[in-house]
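Hi,

My notes on what turned up in it follow below.

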Amino acid sequence: MTATTTTASPDLARSLARNQGLLVAFTTLAAVFVLLQANLADGFSYYDVSSTFASTATLAIAAIGATIVVISRGLDLSVGSVISLTNCLIAVNMDDSPGSMVLWALLGIGAGALVGLFNGIFVALLRLPSIIVTLASMFIVEGITLMILDQPGGMVPAGFSSFFLSDAIANVLPMPAVLVAVVLFGWFALKATPFGTSLYAIGSSEEAALARGVRVDTTRLGAYVIAGALYGVAGMFLTAQTGSGDPTVGPPMLLPVFVAVVLGGTPFTGGRGGCLGAVFGALTLMLIVNLLLVFNVPTFYATVVEGCLLILAVLAGSRQRITEAAAGFRLRLRRRAHSAGPRLRRQYADLPLPRADDTLPASAVRRWMKRNRATLRSSLPAYVSLLVVLVATLTLFEGRLSGASYFNSLFVLTAFLAVLALGQGSVVIGGGLDLSVPAMITFAGVMLGEWTIGGLGGFAPIAVVVVAAAIGALSGFGIGVIGMHPLIMTLAVNGILEGVTLVATGGTPRGAAPGWISWLMTGKIAGLTPVIAILLIFVLAASLLLARTSFARRLYAVGSNPVMAYFSGVSVARTQIAAYALSAACAALVGIMLTGFSGQAFIDMGTPYLLPSIAVVVIGGTAMTGGRGTFLGMFGGALLMTALSMALQGVLVPIAVRNVIFGAVILGAVIGLRET
Amino acid sequence: MGAGSIRSLVAGAALLAPLGVGAASAADGEPYKIFLSMSYVGNDWQAEAQNMVSAMARAHPDTVDLQIQVAGPVAQKQIQQINAMVQAGAKAIIVYPISPTALNPAIKNACNKGVVVFAYDSSVTEPCAYNVVTDQVALATQSAEWVAEQMGHKGNLIFMTGVPGTSVDTDRNAAARKVFARYPDIKIVAEPNGMWSQAVARKALTEVLATTNWDSIDGVWGATACVQSWSLQVEAGDKDLVPCGAEGTNGMRVMMLPEGSIEGASGTYAPMGAPGISLESHPGAGAVALKLALDVLAGKTVAKTTLMPLEAVTSSTAKLCKEGTFDELKAGCNTFDPALVPSGWFANIANPDTPEIGFQAALVGQPE
């Protein structure tokens, strides 16, 4: 290894270093392929290659689109819903004539571009956080798709399918591979244009790009439009491949698309990476299916194996980081022996809070407002929108609604999101993201039942939270110390936990929540559910935790700028470990609460909470880029999401319309979050 | 607690058992290589369905070499999986389809290579495949009709829906709406979305009941609607439980038993004489599909569509099982002791056509 680096020209070495992500992506794919080839009786035939490309093309093309947005330092959650939109649009409308085929293929791609334009306008021109804009458009597009086709159906002409699924060169080159290659060629051409340069520039540093005269807004807008069009291409291919429309086929692709992007060596921090790696990533994901079959991995272990493979693949890419971490650890051990470290740390912890500004106005109220202007600015939109939704609900259901029972339900249901918000919020403020929330909720709920009857009795809830926190700390270790990407690490932990839960229960969870937990969640004291009192204490404690403690100061420092935090004497790794442990403990708490609320743990009960846990954090004014956010804001977000959901559940309109309204209100709520 | 630990032991053995099935094959020629492609495993219904298929395979060790794989919720992965199964030399593929249409080309390709393909629970539209399904229209019509009658054909109804965009949800809702539309005095006052998940149903019903109250509700219809509705009513102190249809959980059936008929049951997972009709997609469809696939492989003619038995259990026919053996189930028991299975466990496992399948098959994959 050393020999090659020294003999190779500096240009090659630099190019290798720059394309390290791509190399890792390719090596991972090659490793999976070799492993498969070695264990398949007949080896990989042309048929296998051809069918694998057909299965992968949709994911690969969508991942190329998502990569472009990620390079611009954005995140596009609308990808899955756009795939379904195009799919249904084409399946419903296309008829046998060649003209119709071309027209509807183009219209399908155009619909994707239009959604991209919608996202781009809100993200680039109105400067709203991309994650929440695309979350809103995801709901709106899902609603519109259901209006176009409310159940699987529709059919596309056989000619359309066979064109995209045939061989470009018989027994040598399948058409889906050609399509992916054409899209990739388009990407490389784009990358070579000034737009390509601008794209990487705005992703690396928007300020620097602006200073160099890059048109930041149009570049970002362009990125979303191109991405949307590519999701459209993916949806069009999917339609050809499956020959029909299905409104539920796209949304589950969201997470696989992001995994393909990260496996492809594109970091979510923007400004780096490329689309070729995403194709390798998509192929790797698809070949894992074959790998599971060849090794006959039992169903309950499938997600465990997938999770471990993800971690392995990414670990291979952070070899350097592991060496560094090990060296740092040795250094720390040596320092500890000289006992210099702890003293320094203690000094840091004793640092006083920033002094009050002397120029504050005299009036107490105005002084408070000025001092908390940032907090107010970020949390006010959620509360204003909440007020609007509340007024609308009270007018809409006037006569049949009793105030006491309405607000009781509102606070009980908000409790879940509020607790999740503290955990997810802390992780986001620290610059990360926790995708292991759903499996952690289920794991906690299921284990509560198992351990209560399994001998732990009254200690089961505590044991569950402690074990969860330990698992969270492990994720934090992988992220903070080894340098794994938060998205990959927590997604892998999510998969492993899913499997562990299934194996531990045999698919059928036993036992119920202890009586006192059920009472807390469903009982009544003077018409009020007891958990509401605890919620108030929790909100107070969580606000203080995120505002007044040294943990919070370190967290915000790490989230704003980890390098600066490190040089200020903050242990970045330790802070991240604490944040992920807190997030896991909060998720576990929600699992326990949900079990008490529903009377029993269900093996799918955490699934609906992933996106809401992120949404409340962002609606509450927390920046996805880290370093900013308050718990009061997030609590406002939790109240708003719950109130909105309650209002929509009560009105008699089809789900499709409800989805559109939900998306629109979320978007309206965050318009107030405009960054200026 | 003793029964519990025995159960986990059996469950542990069940995990190892697929190896045994493969090994016990050599008796009479080669057993058929059969694959089960599941879309996901993360809920009670799927777990039971998988157990029953395993039990069916164990009941025919000489003819079946079963391998079970899960594809996850992405249709493309199931397509890839089916293709890989064909390449791995499958004689038959049993599939729980993630989409009724998206898998068609992969299924057609399998058929062309001489593989027998069975879809269960949700049907696929590819004509070469065999479907083993529950008649969703009949299920919805029968249960809606029963609820309407119990309501005296008038009053306010909560109409709970499932996963939007799926054929099963669309078919059920349309059929039930048709029934309720026949009675102009029945008014649908809310349509909460329960997503076929008890936890989501609980949340959705709580949301609906925040803007209305139980006094004004005369009936509830929808999958995963009943246990949660009745529990909420009990918690709200309302003793006058509303008529409800239709879910297949043991929780619902236990609640339908006459009050006090099970000793030691506590909380809301206890007999309370609730008025309900229990009907749900049969979790044994996969096991039937496997059995029929063996028939096809043996050269017998099998109908392209097989309907699973649709046996409605109402408050007057709910009956507690002792052991849950096939014979006992055949004699008409249909509900299990709360100490044996959780509330969300599906109790609609009886099927006169599969003597291999009893309670132990659904719980741990052990054939009769």
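In this predicted model, 68 residues of chain A are in contact with 73 residues of chain B. On the chain A side, the helices that each supply at least two residues are H4 (46–71), H12 (216–242), H14 (275–294), H20 (403–429), H23 (486–505), H24 (515–522), H28 (572–598) and H30 (631–650). H4(A) gives the largest share of that side, with 6 residues. If you sort the chain A side by class, you get 33 nonpolar, 28 polar and 7 charged residues.

How far does the predictor trust all this? For the complex it reports an ipTM of 0.89 and a pTM of 0.89. Chain B has a mean pLDDT of 89, with 92% of its residues at 70 or more. Do watch residues 1–27 of chain B, though: pLDDT stays under 50 there, and the model has 25 contacts beyond four places in sequence for that stretch.

Chain B comes in two parts. Domain 1 covers 2–134 + 282–310, and domain 2 covers 136–278. Their C-alpha centres lie 32 Å apart. As for where they touch, 4 residues of domain 1 of chain B are in contact with 5 residues of domain 2. On the domain 1 side of that contact there are 2 nonpolar and 2 polar residues, and no charged ones.

Now the sheet in chain B. Six strands make an open sheet, ordered E2-E1-E3-E4-E5-E11, and the pairing is parallel. Which strands stand at the edges? They are E2 (64–70) and E11 (305–307) of chain B; each has a single partner strand, so one side of each is left without a neighbour in the sheet. On average, neighbouring strands here are turned by 20° against each other, direction ignored. Helix H3 (residues 75–87) of chain B packs on this sheet, where it touches E1 (32–38), E2 and E3 (92–95) of chain B. The direction of H3(B) makes about 175° with that of E1(B).

On one side it has E4 (residues 116–121) of chain B, joined to E5 (residues 130–133) by 4 bridges, with the two running parallel. Among the pairs between them, Phe118(B) has Tyr130(B) as its bridge partner, and Ala119(B) stands opposite Asn131(B). E5(B) is also joined to E11(B), by 3 bridges and again running parallel; there Val132(B) is partnered with Thr306(B).

Back in chain A, have a look at Ser436(A), which lies in the loop between H20 and H21 (437–456). Why does Ser436(A) count as buried? Because it has 31 C-beta neighbours inside 10 Å, and 20 or more is what it takes. Leaving aside residues up to four places away in sequence, Ser436(A) touches Ser475(A), Thr490(A), Val493(A), Asn494(A) and Leu497(A). Take Leu497(A): it is 61 residues from Ser436(A) along the chain, yet their C-alpha atoms are separated by 8.3 Å.

Cheers

Definitions and conventions:
Residues numbered from 1 in each chain as written. Chains lettered and ligands numbered in written order. Predicted model: local features only at pLDDT ≥ 70, side-chain atom pairs only at ≥ 80, totals over all residues. Contact = placed C-beta atoms within 7 Å. Nonpolar A, V, L, I, M, F, W, Y, C, P; charged D, E, K, R; others polar. pLDDT = per-residue confidence, 0-100. Domains from an automatic or database assignment. Buried ≥ 20, exposed ≤ 12 C-beta atoms within 10 Å, placed from the backbone. Pairing = 2+ DSSP bridges. Axes fitted to C-alpha atoms, helices over the stretch in contact; angles between N-to-C directions.
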